Amino acid sequence: MRALLPCLALVLAFGCDDDPEPAVDDAPPTEGAAEEAPAEPTPPSPGADEGEEDPLAGLDDPEALAAEVPAGALPAVSAESVQAAAPERGCATFGEQPLRVWTRPGPAHVVAVGEDGFALAGYAANAAGDGEEVWLLTASPTRAPRPVLREDLPHALSVPRVAGPGLGRMDDGHVGLVTLDGAADARFTIVQLGGRRAPWRELGPHADQRFAPAIGLRGGRHAVAWTEGTEEGQRVHYAAFDPTGRELARHDLTQESMGAAAPVFADGATEDLIFIDPREATSVLYRADLTTDPPPVEVLRPVSSVYDPAALAPVVLGERALIGYTAVGMAAATAVGLVWKEGESASAPQALVPSEGYGALHVSAAAAEGRAVFAADHPKGRERGAAREVWVRVVEPTEGGATLGEPLTLAAPDGTGRWAHLARHPSGTYALVFTAGDGVYLHFLRCDDAG
């Protein structure tokens with residue numbers, strides 16, 4: 001009980017104007033593009049069954065698809081000059097204005113792939129306005145965005161999206177894509193970045209569309225995790241496939257008598273999948289090692305006052321795991337908290353975004369060699385419906401906690417930005433994708449991320 005007293009004090013302090021940091025309970029518990037020659041298409045996956053749908057089915061006419069990507073000028077600056085402009089524990093953009101990459105808004109995701117580029121995917125209303133689509137394109141600081149894929153979902157979601165599709169790098173020429181449609185069906189495919197995709201593989205029904213699926217390469221296998229939501233509660237499911245699309249394993253990662261949601265791969269780790277058992281008071285973060293079957297699952301640490309639906313942003317730097325998460329403060333104001341765990345040591349929470357407004361927020365993160373960079377929604381007003389902008393912060397682990405750099409505030413030309421998602425390329429360039437009122441935007445950044 002003595003260990004709970006300081007935590008209760010933090011819970012009471014969380015969300016106050018003079019101390020906006022989130023709280024945590026440490027006690028163990030009883031979540032017009034530039035021309036580029038397209039890559040040679042790859043043959044259909046050798047594991048695809050005869051008679052299955054054409055892998056190119058649903059891909060629009062290339063000219064029509066290219067028209068969906070707004071023409072825009074790339075920033076005429078060098079990576080070296082941007083690096084020099086990045087302040088201490090801060091970031092600098094390649095240009096003052098972001099590049100609009102999709103003409104209709106919706107949550108999106110980005111991953112680093114290829115020699116110097118990134119892949120982006122998102123949901124949006126389709127061009128006809130009678131359905132919902134998933135789109136995918138590539139971009140880099142040296143070339144304009146290039147459309148790869150756009151397809152209507154089998155069933156449109158009837159409520160606004162709050163999470164993007166699952167997107168993960170498989171190799172330099174392929175990404176994995178996972179969609180959750182309006183009928184709560186989860187499915188995934190592998191997309192060759194020249195434009196060809198493998199047949200869709202059904203994952204299962206009852207998917208909770210409030211949480212983005214996780215997909216990545218783990219142990220040489222295509223690993224997919226998603227949240228299932230039923231009247232009995234939430235569960236995290238995991239499936240593994242070989243490169244031909246043949247299913248190798250399927251597991252329910254939910255612990256006995258517990259719930260599970262919001263699976264996400266920890267950036268900087270080769271095996272860790274992080275998810276949460278969300279509770280009204282103290283929630284529990286779990287870590288699963290997907291390189292073995294069945295995957296061992298262990299408690300990572302408890303966290304308090306988690307927002308529902310939870311958004312998690314974990315990174316691993318050496319032996320330390322840092323986790324950004326959306327939280328609820330006093331009087332139900334929302335915030336983005338940061339906690340860490342290293343061995344038997346764990347931190348009290350810090351505020352990446354203080355509790356200055358109401359309504360849902362989002363957080364994403366990318367790992368560098370010695371520091372991490374977080375991107376999160378920041379409310380521009382106190383009211384629940386207030387517009388959001390994006391805060392980008394560099395975090396440096398220290399012996400007793402973590403030092404947070406000053407936030408870099410970013411937004412679209414209309415002054416808004418939300419659902420920010422961040423990825424770091426091995427070259428040191430970051431891509432930040434976010435949504436505004438008139439579409440999806442992209443910023444390239446360099447950060448002071450060497451610890």
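Buried means under 20% relative accessible area, exposed means over 50%, and partly exposed is in between, with a 1.4 Å probe and protein chains only. This is a predicted model, in which local features need pLDDT of at least 70 and side-chain atom pairs count only at pLDDT 80 or more, while totals for chains, interfaces and linings use all residues. Residues are numbered from 1 along each chain as its sequence is written, and side-chain values use heavy atoms, with hydrogens and water left out.

**Whole chain**

Begin with everything selected and coloured by secondary structure. The chain has three helices and 31 strands. Here helices (H or I, at least four residues) and strands (E, at least two) are DSSP runs, numbered from the N terminus. Of the 451 residues, 57% count as buried. The chain exposes about 18200 Å², and carbon and sulfur atoms supply 51% of that area; accessible areas come from the Shrake-Rupley method with a 1.4 Å probe, and for residues only the protein chains shown count as cover.

**Backbone exceptions**

Most residues other than glycine have a negative phi, and most peptide bonds are trans. The next selections depart from one or the other.

Select A184, which is in the loop between β8 (174-180) and β9 (186-192). A184 is not a glycine, yet its phi is positive, about 70°. Is A184 buried or exposed? With a relative accessible area of 14%, A184 is buried.

Move to S257, in the loop between β14 (247-252) and β15 (261-265). S257 also has a positive phi without being a glycine, in this case about 65°. Its relative accessible area is 70%, so S257 counts as exposed.

Now show the backbone of D293 and P294. The peptide bond from D293 to P294 is cis, with omega near -10°, and P294 is in the loop between β17 (282-289) and β18 (297-304). Then select D308 and P309, which are joined by a cis peptide bond with omega of about 5°. P309 lies in the loop between β18 and β19 (312-317).

**Strand β21 and its partners**

Select residues 334-342, strand β21. Eight of the nine residues of β21 are buried. Two strands pair if DSSP finds at least two bridges between them. Which strands pair with β21?

- β20 and β21 pair in the antiparallel sense over eight bridges.
- Strand β23 (residues 350-357) and β21 pair in the antiparallel sense over four bridges.
- Strand β22 (residues 345-346) and β21 pair in the antiparallel sense over two bridges.

T326 stands opposite V336 in β21, and in β23 the bridge partner of V336 is V353. Further along, K341 stands opposite A346 in β22.

Then look at the turns. The hairpin of β20 and β21 has five residues between the strands, and A331 takes a positive phi near 60° there. The hairpin of β21 and β22 has two residues between the strands, with G343 at a positive phi near 60°.

Finish this stop at V328, which is in strand β20 (residues 320-328). At 25% relative accessibility, V328 counts as partly exposed. The C-alpha atoms of V328 and S305 are separated by 5.2 Å, although the two residues are 23 apart along the chain.

**The disulfide**

How many disulfides does a search of the whole structure find? The search finds one, where a disulfide is a pair of cysteine sulfur atoms within 2.5 Å. Select C91 and C447: their sulfur atoms are 2.0 Å apart. The link is right-handed, with 105° about the S-S bond. C91 lies in strand β1 (residues 91-93) and C447 in strand β31 (residues 439-447), so the pair ties together parts that are 356 residues apart in sequence. Both C91 and C447 are buried.

**Nonpolar cores**

A nonpolar core is a set of buried Ala, Val, Leu, Ile, Met, Phe, Trp, Tyr and Cys residues joined through side-chain atoms within 4.5 Å. The largest has 30 residues, of which L136, V175, L177, F188, L203 and V224 touch the most other members. Centre on L136 and show its contacts (heavy atoms within 4.5 Å). Leaving out residues up to four places away in sequence, L136 touches L120, A121, P147, V148, L149, L167, V175, L177, V191 and L193.
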